[in-house]
Amino acid sequence: MALHILFVLFSHVLLTQVVEGNTDDFDCVDIYKQPAFQHPLLKHHKIQEIFYPDENLDRKGQYKTNYQSCPKGKVPILKQRNGTKSVHLDTVEYPGQHFATIETVLDGSIYRGAEANISLHSLTLQNNQFSKSQIWLENGPRNELNSIQVGWGVHPRLYGDTHTRFTIYWTADGYKNSGCYNIQCPGFVIVTRIPWIGIAFPRTSIYGDKKSFTFTPQVFQDGLSGNWGLKIFNEVIGYWPKELFTHLNDGASLIRFGGNTFMSPDGISPPMGNGHFPVIDFQKSSFFLHVKVRNSNYQLLDIEDRETRRYSDSFQCYRLSYWGYAKSNGVSFSFGGPGGDCGT
């Protein structure tokens, strides 16, 4: 993997990342001219510092990075090559989707964040399919649902390729008129100079190999501003301003961890996770380790068994095995499957 900076006309800067023969270009734009500030509620928004609590508890995962960055005062924006902005909705109710997840029970609890150590895998998909491993943080009734989603995805229709990429998503009205993947619409504010949003991971886990590649996305509500921050690789890379939301401003009422797929027009669903059914051997499974939530007091805690329910909607295609708490891995589970004719 190599990352090059090319200086072109005037002050415009282009970052070019090459991963396994795939080239991604990131434009370096003025931090106040990024897409977020085109949102009508953010026209007068000022960049805010977001502080991740409990720095001593930070988990970087096993991923090492040495990416170069944009100049000071500029942020990286992925240039779409062959993908499209017109992509299917990302909601449980949308036909053709399947899930294998654990989620908190709706008992009135409020959460201020979530994080987990997620294994990375390469998958082969058809153009209209997607397969993702991610964390959801949600609040509000179905038609007003506020949702933040963070993880990795293989999404040919979005990106124009089948690389495993760092992917985020948000909506503020139940997927009707607001929200999008990454920064395809105004909303998420980038504060990092390193190109993370939409980046292709240069290394992924190999079935049966002793070395697993993972990363740890951390989503948290800032106690002072109320904004929702996003941190990976020991850096706060941006945030969703509180102005975007109506219900998440009060915290998340539901947190979900796991896998999500969407089928192709011929009714065939893609593989999930690493494409294999889960087993207790993490070298042969896709997995989440150190599954944690922040409670209403912003304390980072292992998710408790009594607070969760397991969900898998197509046993012949996808499964989930919950392992509970162990000292070495925290709360963990394995999930995934080959896909196929899984129904709608």
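This is a predicted model: local features need pLDDT of at least 70, side-chain atom pairs count only at pLDDT 80 or more; totals for chains, interfaces and linings use all residues.
Local features require pLDDT of at least 70 and side-chain atom pairs pLDDT 80 or more, while totals for chains, interfaces and linings use all residues. Residues are numbered from 1 along each chain as its sequence is written, and side-chain values use heavy atoms, without hydrogens and water.

The protein contains one helix and 23 strands (DSSP runs, H or I of at least four residues for helices and E of at least two for strands, numbered from the N terminus). Of its 344 residues, 60% are buried (under 20% relative accessible area, 1.4 Å probe, protein chains only). Among contacts (heavy atoms within 4.5 Å) with a separation of 6 or more, 73% join residues 24 or more positions apart.

Three disulfides were found in a search of the whole structure (cysteine sulfur atoms within 2.5 Å). Numbered in sequence order, the bonded cysteines pair as 1-2, 3-4, 5-6.

Cys28 is bonded to Cys70, with an S to S distance of 2.1 Å. Cys28 lies in strand β3 (residues 22–30) and Cys70 in the loop between β3 and β4 (74–78), 42 residues apart. The link is left-handed, at -80° about the S-S bond. Cys28 is buried at 3% relative accessibility, and Cys70 is buried at 0%.

The sulfur atoms of Cys180 and Cys185 are 2.2 Å apart. Their S-S torsion is about -85°, so this disulfide is left-handed. Both Cys180 and Cys185 are buried.

In the disulfide of Cys317 and Cys342, the sulfur atoms are 2.0 Å apart. Cys317 sits in the loop between β20 (308–312) and β21 (319–326), and Cys342 in the segment after β23 (340–341), so the pair ties together parts 25 residues apart in sequence. This link is left-handed, at -105°. Cys317 is buried at 2% relative accessibility, and Cys342 is buried at 7%.

How values were computed
Buried means under 20% relative accessible area, exposed over 50%, partly exposed in between (1.4 Å probe, protein chains only).
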